[in-house]
Amino acid sequence: MMHLYRVVTIIFFSVFLSQGAHAKWDEERDVTTNGKDELVYYFKTNEQGQKLVLDKYVKRLIFIRPDRLHKRTIRQIKIDGVPVDVTSDPFSRHPEQTAIVFDNKDEVLKKLFLAKKIELDVRYGREQEVSTFLVK
């Protein structure tokens, strides 16, 4: 009986803590084109109005910045100060969006989901800018 109580307690705290981790990112829901499945995306918006979407289905980040300078590259991000090399690919149909992909997808996604601060090194030609997202 005591063993069952411990298992139930562990499960309760695991669920409680995992919900707390999910609460740090805002949620956005979308329905697939066939209308059968509902997808949940996690995102953060910074003070400059830029948006960072955590796409757990394709295992990537999507950086959204509505501006006139659509041609951008992102080669590195920092997750809580630790640099991670990435590659970026702009969406042809949505030029304000840039997909950010990385090696070791599962490990990086876990770090992103638990991160407190994410910095993107964004380059527009020769100009460089750092976009910062705080996850609280």
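Which residue of E4 does Lys51 stand opposite? Here, Lys51 faces Ile64 in E4. Keep in mind that this is a predicted model, where local features need pLDDT of at least 70, side-chain atom pairs count only at pLDDT 80 or more, and totals for chains, interfaces and linings use all residues. Residues are numbered from 1 along each chain as its sequence is written, and side-chain values use heavy atoms, with hydrogens and water left out.

**View 1. The open sheet, strand by strand.** Six strands line up in the order E1-E2-E3-E4-E8-E7, with antiparallel pairing. Strands here (E, at least two residues) and helices (H or I, at least four) are DSSP runs, numbered from the N terminus, and two strands pair if DSSP finds at least two bridges between them. At the edges sit strand E1 (26-31) and strand E7 (87-90), each pairing on one side only. On average, neighbouring strands of this sheet are turned by 30° against each other, direction ignored; axes are lines fitted to C-alpha atoms (for helices, over the stretch in contact), with angles running from 0 to 180 degrees between N-to-C directions.

**View 2. E3 and its two partners.** Strand E3 (residues 51-55) pairs with strand E4 (residues 60-64) in the antiparallel sense over five bridges. Four residues separate E3 and E4 in their hairpin, and Lys59 in that turn has a positive phi of about 60°. E2 and E3 are antiparallel too, over four bridges, and Phe43 stands opposite Val53 in E3. The E2-E3 hairpin has five residues between its strands, with Gly49 in the turn at a positive phi of about 85°.

**View 3. Both faces of E3 under cover.** Five of the five residues of E3 are buried, so this strand is largely enclosed by the rest of the structure. Buried means under 20% relative accessible area, exposed over 50%, and partly exposed in between (1.4 Å probe, protein chains only). Lys51, Val53 and Asp55 are buried on one side, and Leu52 and Leu54 on the other.

**View 4. Helix H2 and Arg60.** Helix H2 (residues 105-114) packs on the sheet, touching strand E2 (38-45), E3 and E4, and its direction makes about 130° with that of E3. Contact means heavy atoms within 4.5 Å. Over in strand E4 you'll find Arg60, which is buried at a relative accessible area of 17%. Leaving aside neighbours within four places in sequence, the contacts of Arg60 include Val53, Leu54, Asp55, Phe91 and Leu109.
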